[in-house]
Amino acid sequence: MSVFIAKTAKLEGNAWVGGHARVSDNTWVRGNAWVCGNARVEGNACVSGSARVYSNAVVADNARVDGNAYVYGDAQIWGNAMVYGTSKVLDNAQVSGNAKVSVNACVKGKARVYDNAQVSGDAQVSGNTMVRGNVEIFGNTNIRSSILEGCVTISDGLIMDVHWWREIP
């Protein structure tokens with residue numbers, strides 16, 4: 001094992017870093033959180049609660065992963081993004097900007113969630129989907145291979161308020 005933990009990184013509580021994981025300067029891993037595999041935590045990022053970050057996942061900048069959230073595969077969380085609750089971000093998915101993924105939501109595949117977008121409840125965003133702007137997706141909703149931008153609210157699969165939506169062929 002070749003774990004790298006920078007001198008100014010903060011590990012608190014029962015936090016665990018293993019495998020070939022890298023925890024860089026000014027980052028936090030606390031509570032019962034795990035960072036392992038080839039995962040990286042960089043910038044001022046924080047992994048806390050009972051969150052898990054593993055495989056080749058990256059949490060960077062001021063991003064937060066908290067609660068019982070899982071970030072794995074080649075997923076990337078950066079900017080001021082937050083992933084929390086029992087949500088999951090996996091595969092090659094990216095969450096950035098001020099985006100939030102919460103409750104039991106899942107972002108996977110090559111999906112991108114950014115700007116001020118929010119994905120929550122039991123919502124799933126997958127495929128080549130791009131979600132940006134002030135889009136809110138919640139409830140039992142499954143979005144695949146679409147572009148949602150502007151002001152869109154989708155709840156339980158129902159489009160409630162659309163400013164812009166298009167499907168990717």
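A charge is said to sit over a ring if NZ of Lys or CZ of Arg is within 6 Å of the ring centre and within 35 degrees of the ring normal. Arg22 meets this rule, for it lies over the face of Phe4, at 4.3 Å from the ring centre. Arg52 likewise lies over the face of Trp34, here at 4.1 Å from the ring centre.

The model is a predicted one, in which local features need pLDDT of at least 70 and side-chain atom pairs count only at pLDDT 80 or more, while totals for chains, interfaces and linings use all residues. Residues are numbered from 1 along each chain as its sequence is written, and side-chain values use heavy atoms, with hydrogens and water left out.

Rings may also meet other rings. A pair of aromatic rings is described by the distance of the centres and the angle of the planes. Rings of Phe, Tyr and Trp (its six-membered ring) pair if their centres lie within 6.5 Å; planes under 30 degrees apart count as stacked, over 60 as edge-to-face and the rest as tilted. How many aromatic pairs does this rule give? The count comes to three. One of them joins Trp16 and Trp34, whose ring centres are 5.4 Å apart and whose planes stand at 65°, so this pair is edge-to-face. Trp16 belongs to strand E3 (residues 16-17) and Trp34 to strand E6 (residues 34-35), so that the pair links distant parts of the chain, 18 residues apart. Strands (E, at least two residues) and helices (H or I, at least four) are DSSP runs, numbered from the N terminus.

Are these two tryptophans buried or exposed, or do they fall in between? Buried means under 20% relative accessible area, exposed means over 50%, and partly exposed lies in between (1.4 Å probe, protein chains only). Trp16 has a relative accessible area of 39% and is therefore partly exposed. Trp34 also counts as partly exposed, at 39% relative accessibility.

A further aromatic pair, Tyr54 with Tyr72, is stacked: the distance is 4.9 Å centre to centre, with 0° between the planes. Tyr54 is in the loop between strand E9 (52-53) and strand E10 (58-59), and Tyr72 is in the loop between strand E12 (70-71) and strand E13 (76-77); the pair links distant parts of the chain, 18 residues apart. Tyr54 counts as partly exposed because its relative accessibility is 25%. Ring pairs link Tyr54, Tyr70 and Tyr72 into a cluster.

The loop between E9 and E10 also holds Ser55. Most residues other than glycine have a negative phi. Ser55, although not a glycine, has a positive phi of about 65°. With a relative accessible area of 30%, Ser55 is partly exposed. Asp91 is not a glycine either, and has a positive phi of about 60°. Asp91 lies in the loop between strand E15 (88-89) and strand E16 (94-95), and counts as partly exposed at 34% relative accessibility.

Attention now turns to charged pairs. Side chains of opposite charge can pair when their charged atoms come close. A salt bridge is a side-chain nitrogen of Lys or Arg within 4 Å of a carboxyl oxygen of Asp or Glu, and the structure holds two of them. In one, the side chains of Glu42 and Arg40 meet at 2.7 Å, N to O. Glu42 is partly exposed at 25%, and Arg40 is partly exposed at 33%. In the other, Arg132 and Glu149 meet at 2.1 Å, N to O. Arg132 lies in the loop between strand E22 (130-131) and strand E23 (136-138), whereas Glu149 is in strand E25 (residues 146-149), so the pair ties together parts that are 17 residues apart in sequence. Arg132 counts as partly exposed at 24% relative accessibility, but Glu149 counts as buried at 14%.

Two strands pair if DSSP finds at least two bridges between them. E22 and E25 pair in the parallel sense over two bridges, and Met130 has Ile147 in E25 as its bridge partner.
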